[in-house]
Amino acid sequence: MDSGNTAWVLTSTALVLFMTPGLAFFYGGMVRAKNVLGMLMQNFFSMGLVSVLWAVVGFSLAFGDGGGWIGDFDFVGLKGLGAADAALPGYVGDFGLTIPVIVFVGYQMMFAVITPALITGATADRLKFAGYAVFLGLWLLIVYAPVAHWVFSPTGWLFKRGALDFAGGTVVHINAGVAALAVVLVVGKRRGWPRDAMPPHSLPLTLLGTGILWFGWFGFNAGSALGANNLAGQALINTHLAAAAGMLGWVLAERIKTGHATTLGAASGAVAGLVAITPGAGFVGGLAPIAIGAIAGVFCFLAVSLKYRFGYDDSLDVVGVHLVGGILGSLLLAFFADLRINSLGADGVFNGGGSALLVDQLVAVGATLVFSFVVSYVLAKLVDVTIGLRVTADQEAEGLDASQHAESAYAMSEFGAMGRVG
Amino acid sequence: MKLITAIVKPFKLDDVKDALKGAGIQGMTVSEVQGFGRQRGHTEVYRGAEYTVDFVPKVRVEVVVDAADVDRVVDAIVAAARTDKIGDGKVWVTEVEDLVRIRTGERGPDAI
């Protein structure tokens, strides 16, 4: 046990938790004013439901030893994990933990909280809250937990195969990004899209959320070193540089294509860079994060227009940023990976490692894409035909804040129109 | 000259705008308003305390037209804004005595 490492992972846990409210405001600013509370609630609610489910059974399904595909029920209710000598299957030798297992449980909990919350940007303005709540819980256990097991647990089949994912390019971003596409295909477009303008109601909120995400991402990526060490420092620098280069790439591309550098473009580019560096944060060094971030910034800018071409209403571009950024990052890692940065990693194509890593990365990306898309689609369909996943046309016109939560975000009752009932 | 004032549901504004453009209208003024007619407001709940909010958000559309065009334009607005549900709004027409285009000083129907 190392107290310095433990302190850093505890700190990172708090940083990653903070990303979810950050995401809520990143998304919340982009929706129309009548839906901002609905968006914030979908994200905040994940901090409630997912945390509880994680302690009850989620962690056990992700990190228990049930073979390569999924965990088991040995750690249900966090059984035995609080003991000072607790151990996790597979975390031995090179992968041995130097922090208490219970700290690792908490750290991973925050990843589980934010991942399904990412999906909500794609389905903005039209999810029925009860249907969302059920989908959220099911998705955590049936989609997130297995994929986390495959990739993060040393007993998972993709981990054993040699696929690299430092902090969640496949598990978090590709997983949530392709699930977002599946759910969008089930619930359909917002009424009026793409004809009606549905501009962001508060870009200042979006920029504030971006700042919180960027800040929290240091815990997400540098915390994934699971120690306060050289690798954590490298991951932190990589994270920051990719965000910076992502912003520059997006802004430059939109300045050339549409004539203006926009605040939403700067925010989106930074997030695209952060997404793309996530899988490689602890495996690359030098100028690689700048290349990865800049490529993601430009490509994600181009990718967000795909929804108009193919006619799916990915409202806040979860597919364009998280899915595309996650795939780019997972594959670029196979070119830039460097054993001198992380001896548990590999050498990529540019460092004389040949194409072996690229094959592993393609398998990991493909497996996550297929599994998550298919299961997410079936889950969403199941919830939709049973309790309903989408609000009625009237509720959609009224807005989620009033129809789902009986509140208004900016309830300045200046006309004295509000009367207390009872 | 007549002033046509329409109170419509906010999400029908685009349809109304398109209908007015289709009817050859060159300009219009739009404002966000709140009010109520027969449509009920809604209830909000804060820490268990329930409140009624009587006023419903609407959009007010105003256009000045030549007297000869009134029926055609009103019909276009009504057709575009109708959902057949309570709360679709109202349209009314009032007389306009004079009109000035500020830039040129043109008056009357020439300023429409």
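User: How many bridges join strand S1 of chain B to strand S5 of chain B, and do they run parallel or antiparallel?

Analyst: Bearing in mind that this is a predicted model, strand S1 (residues 2-8) and strand S5 (residues 56-65) of chain B run antiparallel and are joined by seven bridges. Within that pairing, Ala6(B) has Val61(B) as its bridge partner in S5(B).

User: And which residue is the bridge partner of Ala6(B) in S6(B)?

Analyst: In S6(B) the bridge partner of Ala6(B) is Val91(B), and the pairing of S1(B) with strand S6 (residues 90-95) of chain B is also antiparallel, with six bridges.

User: What pattern does chain B follow along the sequence?

Analyst: Reading along the sequence gives β-α-β-β-β-β-α-β for chain B, which has six strands and two helices.

User: What radius of gyration does chain B have, against that of a compact globule of 112 residues?

Analyst: Chain B has a radius of gyration of 17 Å, whereas a compact globule of 112 residues would be near 13 Å. Its C-alpha trace spans about 60 × 30 × 20 Å along the principal axes, and buried residues make up 20% of the 112 residues in chain B.

User: Switching to the contact between the chains, how many residues does it take from each?

Analyst: The contact takes 15 residues from chain A and 14 residues from chain B. On the side of chain B that touches chain A, the elements giving two or more residues are strand S3 (42-46) and S4 of chain B, and S4(B) supplies the largest share, five residues. By type, the residues on that side of chain B divide into four charged, four polar and six nonpolar.

User: Now chain A. How does its radius of gyration compare with the globule rule?

Analyst: Chain A, with 15 helices and one strand, has a radius of gyration of 21 Å, close to the 22 Å that the globule rule gives for 422 residues, so chain A is as compact as a globular protein of that length. The C-alpha atoms of chain A fill a box of roughly 65 × 55 × 35 Å along the principal axes, and 59% of the 422 residues count as buried.

User: Which residues have the most contacts inside the largest nonpolar core?

Analyst: That core has 153 residues, and those with the most contacts inside it include Val151(A), Leu274(A) and Cys300(A). Helix H3 (residues 101-119) of chain A gives the largest share of this core, 14 residues. Apart from it lies another core, of 14 residues, among them Val63(B) and Val73(B).

User: What is Leu274(A) in contact with, leaving aside neighbours within four places in sequence?

Analyst: Among its contacts of that kind are Leu213(A), Trp214(A), Trp217(A) and Gly246(A).

User: Last one: how many residues of H10(A) are buried?

Analyst: In H10(A), 14 of the 16 residues are buried, and the helix is mostly covered. The end C-alpha atoms of helix H10 (residues 288-303) of chain A are 22 Å apart, which agrees with the 22 Å that its 16 residues should span at 1.5 Å a residue.

Notes:
Residues numbered from 1 in each chain as written. Chains lettered and ligands numbered in written order. Predicted model: local features only at pLDDT ≥ 70, side-chain atom pairs only at ≥ 80, totals over all residues. Pairing = 2+ DSSP bridges. Helix = DSSP H or I, 4+ residues; strand = E, 2+ residues; numbered from the N terminus. Rg over C-alpha atoms; globule rule 2.2 N^0.38 Å. Buried ≥ 20, exposed ≤ 12 C-beta atoms within 10 Å, placed from the backbone. Contact = placed C-beta atoms within 7 Å. Nonpolar A, V, L, I, M, F, W, Y, C, P; charged D, E, K, R; others polar. Core = buried A, V, L, I, M, F, W, Y, C linked by C-beta atoms within 7 Å. Expected span 1.5 Å × (residues − 1).
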